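Please keep the sequence and the model open while reading.

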Amino acid sequence: MTEETPITTAQRLQPQLVDHFMHLIGTQRLSHAYLFNGMDGTGRQDLALTIALRLFCQNVTPAGFPCGQCAECRRIIAGDHPDVIRVVPDGQRIKVDQVRYLKAEFSKSAVEGNQKIFIVDQIERMTTGAANSLLKFIEEPVGNTVALLLTANKNLILPTILSRTQIVDLLPVAPKELAAALAEVGVAPSQQNLLATLTESVAAAQDLLAEDWLKNAQKSIEHWFTACCQGDERAFVRVQTDLLPLAINRDRQGILLDMIVQIWHDALRQQTGAVDPQTLTYPQVAQASQQIAQRLGVDRLVAVVTLTLATRGQLAGNLNFQAILEALTLQILAQIPRR
Ligand SMILES: [Zn+2]
C-alpha cells in the first residue's frame, strides 16, 4: 500500500475542490487570499498543502497535479521550504512571536523564487492585533504571494477578514449521516442549525443535549438577547442569574460565547436581506432579531458582532467569565438607541 500524502488525502476528502484549485493554478487564475472554512476532518490543511505543492512542484503530472516526489514537494511536505510559511496556533491562541514571525515574513519577498505562500490555520484564534496585521497584508500583498487562511468556523472570524477573502466552504465529509443521526437522537429541528455550528460529531452534540443543557442555554441567551435589543438593563442581571449557572466549566463557557456570537450573527444575516427563518440558528427570536437589525443599521450591528467575537477571544486569555460577559452586555447596551 502506498503511503498517504497531503495530495492523496485532499483528493480523497475534497476531490472537487482539489480539481478546482489545480485548474485555477494551471490557468493562472489563483487569487491572493482565501478563507477555507471546514470542520476538523474535512481536510482543510491537506487542501492548502496540495495548493502549495502545486505552486512549487517541478514535475507536475500530465493531469495537472503535484508529483509529491520532487525535491520541492519533499521539502514542503517535510515543513522545510522557506517560501511556504505555515502557522498553527500553539494552544488557545496564535502567539505573539508567531505573529511577529508572520509579519516579518509578510514584508519579505520570496527567498528562492518569486512565489510565496502563507498557510495560517485556526485564524479564529488570532488576536485583534494579529488579525489587523494580516488584513494589512491582504490589502497590500507584496510580490507574488498567496494567503490561505483556515478555520473550523467562519462565524467566529472578524467581518473585515471575511469581506477581503474568497470564502471556500469545505463540506463536512458526511453531513447527511450527521443530520440523520441528530434527528435519530431526537434533536428538534429548531436546534439542528445551532448544533451544527457548535459541534462536529453526534457524540459532542449529545453531550450538549444531556440534562437539557442546550435547551436551557438557548432559552437563557434568547432572553438575554431580547433584553439587550430592548435596551433593558435587566440584560446585565441575566448574566448572573441565567447564564452563569450554565457556565459549569471552561468548555461550556466557550460554547455559551459561541452561542452569543451566533445570535448576533443571525441579526447580521437579516440585515443583509430576507432570510428564511428556518436557516437561522435561533428561529424562535427571528422577529426580534430582524427588528434589531433594522434599528441598529449595518455599521452598529457589525460593531456588536465584532464585540462578541472579541469577547470570545478574551476567554482564551484566561479572563473571568462573568466579568467579560457583563462588560460585553454593557458595551452592547451602549450601542442600542433609546426609544
Ligand atoms: Zn513535485
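## Surroundings of Trp 224

Apart from its neighbours within four places in sequence, Trp 224 is in contact (heavy atoms within 4.5 Å) with Ala 235, Arg 238, Val 239, Leu 243, Ile 260, Trp 264, Leu 328, Thr 329 and Ile 332.

The model is predicted, so local features need pLDDT of at least 70 and side-chain atom pairs count only at pLDDT 80 or more, whereas totals for chains, interfaces and linings use all residues. Residues are numbered from 1 along each chain as its sequence is written, and side-chain values use heavy atoms, with hydrogens and water left out.

## Nonpolar cores

Trp 224 is also among the residues with the most contacts inside the largest nonpolar core, a list that includes Leu 149, Trp 213, Leu 256, Met 259 and Trp 264. Such a core is a set of buried Ala, Val, Leu, Ile, Met, Phe, Trp, Tyr and Cys residues joined through side-chain atoms within 4.5 Å, where buried means under 20% relative accessible area, exposed over 50% and partly exposed in between, with a 1.4 Å probe and protein chains only.

This largest core has 71 residues, and its largest share, 10 residues, comes from helix 13 (residues 250–271); helices are DSSP runs of H or I with at least four residues, strands are E runs of at least two, and both are numbered from the N terminus. Because domain 1 (6–169) and domain 2 (175–335) both give residues to the core, it lies between them. A second, separate core of 31 residues includes Ile 7, Ala 48, Ala 52 and Ile 119.

## Between the domains

The domain bounds come from an automatic or database domain assignment, and the C-alpha centres of domain 1 and domain 2 lie 30 Å apart. Their contact takes 11 residues from domain 1 and 16 residues from domain 2.

Together the two domains bury about 1100 Å², 59% of it on carbon and sulfur atoms, buried area being the accessible area (1.4 Å probe) lost on putting two parts together, summed over both. On the domain 1 side, Met 39, Asn 155 and Leu 156 lose the most area to domain 2, together 46% of what that side buries.

## A buried loop glycine

Gly 43 sits in the loop between strand 1 (33–37) and helix 3 (44–56) and counts as buried, at 8% relative accessibility. Leaving aside neighbours within four places in sequence, Gly 43 is in contact with Leu 13 and Leu 170; Gly 43 and Leu 170 are 127 residues apart in sequence, yet 8.1 Å apart in space, C-alpha to C-alpha.
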